[in-house]
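Subject: Structure for you to look at

Hello,

Here is the structure I said I would pass on. Please open it first, then read the notes below beside it.

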Amino acid sequence: MNAAQRKRRRERREARRLLKARLDLQSCLDFDHMSDPAVLSTSALACEKDVRWKRSVQTFMLTRMKNCIELSDELRSGRYHKRPANHFVLHERGHARWISAVHFRDRVVQKAYCDQFLIPVLHRAVVYDNTASQVGKGTDFARDRFALHMEQALRHFGPKAWLVSYDFKSYFASIDPGRAMEMIASATAPLVACQRDRDNATKMLELGRTFICEEEGLGLGNQTSQVVAIAYASPIDHAVREVCRCGLSGRYMDDSYAFCRTKDDAYAVLAVAQEHARRLGLVLHPRKTQVAPAARRHVYLKTVFCPQPDGSIRRDIARDTIRRYKRHYKALVGLVAAGRIPAEVLAVSEGSWKGVALRATDPERYLREMTTFFESTKLRMASELFG
């Protein structure tokens with residue numbers, strides 16, 4: 001087979017792939033379907049989960065179908081206007097995070113837009129080990145993949161394997177909304193086959209701009225930002241896997257890693273990641289970027305992974321996580337003692353902690369430690385209240 005025949009074969013294969021993708025995602029470019037009152041109603045039911053206590057949610061859901069019909073009419077007639085987001089500062093572990101919260105009415109539209117268009121279009125290009133905020137994935141999945149990759153690296157590369165880990169500095173704030181819209185437009189373009197598709201794609205992109213281009217960077221606290229952030233750094237993931245031939249790699253939002261055969265390979269991966277990050281307008285965090293032997297203990301997503309002599313990977317809960325939770329639990333006990341929250345909140349918090357402890361290699365040790373802490377803290381509260 002000569003070069004011309006190979007080229008024609010690649011072109012036919014690419015055409016078949018695009019045709020299959022277009023057929024699979026045909027409904028994604030249906031603006032009328034996305035703005036259908038029934039679809040909006042389903043999105044409203046999903047949005048109200050865990051926030052039914054809010055007055056704005058109760059007001060909208062009281063006449064849900066009527067409100068969804070009005071939203072549908074506004075979207076289809078071009079009269080829909082997003083309300084300005086509510087901004088506030090959330091302090092988390094010593095960091096001040098600027099939160100951009102959309103109104104519930106706009107959140108319903110955003111949910112329908114993401115589920116019907118943005119997620120199917122963008123997520124088809126992300127690598128399997130991009131694990132944040134996707135159906136069937138999450139932190140547990142990410143930790144399982146990290147442990148599996150560490151085990152495989154040590155088995156195939158030996159004890160001289162290396163790990164490169166990197167994080168993006170101010171990831172959401174560094175993402176340029178204009179580049180994000182270009183990414184969405186590029187992912188949408190191959191799906192357009194006729195004038196109707198082109199018109200629908202234009203409407204979808206215009207609606208996306210109202211949520212994504214509202215401010216500099218991406219605002220924390222809304223779904224479009226999450227979806228775009230998952231896909232935005234995908235060129236780096238593909239470069240690490242396809243250019244550096246490093247399959248033992250993964251990313252959870254902005255926390256990335258790659259296991260390499262040698263130290264030189266690890267620095268080569270880091271150089272490729274830095275170059276592609278620069279093209280995307282991102283900067284690697286100097287303090288959270290490192291190259292280290294894979295056989296050491298490593299912390300990933302607040303879990304300590306430590307290789308064992310038998311080849312298995314031991315998982316422990318990071319001590320910083322335990323200390324932060326203890327401070328949080330003491331604060332909850334104080335609020336219960338003051339009568340500001342019900343005592344049932346403590347039971348929910350304890351159950352959540354037990355779920356975390358059960359994912360460690362030796363959960364009994366953490367359960368014993370925290371059970372003693374729970375009892376002593378509540379006894380201290382009782383002695384302070386009743387003398």
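A cavity is a set of grid points where a 1.4 Å probe fits but cannot get out, and a volume is the space filled by probe spheres set on such points. Please keep in mind that this is a predicted model.

Cavities

How many cavities of 30 Å³ or more does a search of the whole structure find? It finds two.

The second largest cavity has a volume of about 60 Å³. It is lined by 14 residues, and Ser100, Phe211, Glu214, Glu215 and Asn222 are the closest to its centre. Helix H10 (195–212) and helix H11 (223–232) are the elements that give two or more residues to this lining. By class, the lining of the second largest cavity has four nonpolar, seven polar and three charged residues.

The largest cavity holds about 70 Å³ of space. Its lining includes Val127, Asp129, Tyr166 and Ile236. Helix H12 (234–243), S4 and S5 each give two or more residues to it, and H12 gives the most, with four. The lining of the largest cavity divides into five nonpolar, three polar and four charged residues.

The S4 and S5 hairpin

S4 and S5 pair in the antiparallel sense over four bridges. Two residues lie between them in the hairpin, and Met253 in the turn has a positive phi of about 60°. Gly250 has Tyr257 of S5 as its bridge partner, and both of these residues also line the largest cavity. S4 is covered on both faces: Ser249 and Arg251 are buried on one side, Gly250 and Tyr252 on the other.

Helix H7

H7 has 19 residues, which at 1.5 Å a residue should span 27 Å; the end C-alpha atoms of H7 are 26 Å apart, so the two values agree. Among the buried residues of H7 are Phe141, Arg143, Phe146 and Met150. The buried residues of H7 pack against several strands, including strand S3 (162–167), strand S4 (249–252) and strand S5 (255–260). After H7 comes Gly158, with a positive phi near 85°.

The second largest pocket

This pocket holds about 610 Å³ of space. It has 22 lining residues, and one of those closest to its centre is Arg143, which is buried in H7. Helix H7 (139–157), strand S9 (313–317), helix H14 (319–337) and helix H15 (344–357) each supply at least two lining residues. H14 gives the most, with five. The lining of the second largest pocket has six nonpolar, six polar and 10 charged residues.

Regards

Terms used
Residues numbered from 1 in each chain as written. Predicted model: local features only at pLDDT ≥ 70, side-chain atom pairs only at ≥ 80, totals over all residues. Heavy atoms only, no water. 1 Å grid on protein atoms, 1.4 Å probe; cavity = no way out; pocket = protein on both sides within 12 Å on 5 of 7 lines; lining within 4 Å. Nonpolar A, V, L, I, M, F, W, Y, C, P; charged D, E, K, R; others polar. Expected span 1.5 Å × (residues − 1). Buried < 20%, exposed > 50% of the residue type's maximum accessible area, 1.4 Å probe, protein only. Contact = heavy atoms within 4.5 Å. Pairing = 2+ DSSP bridges.
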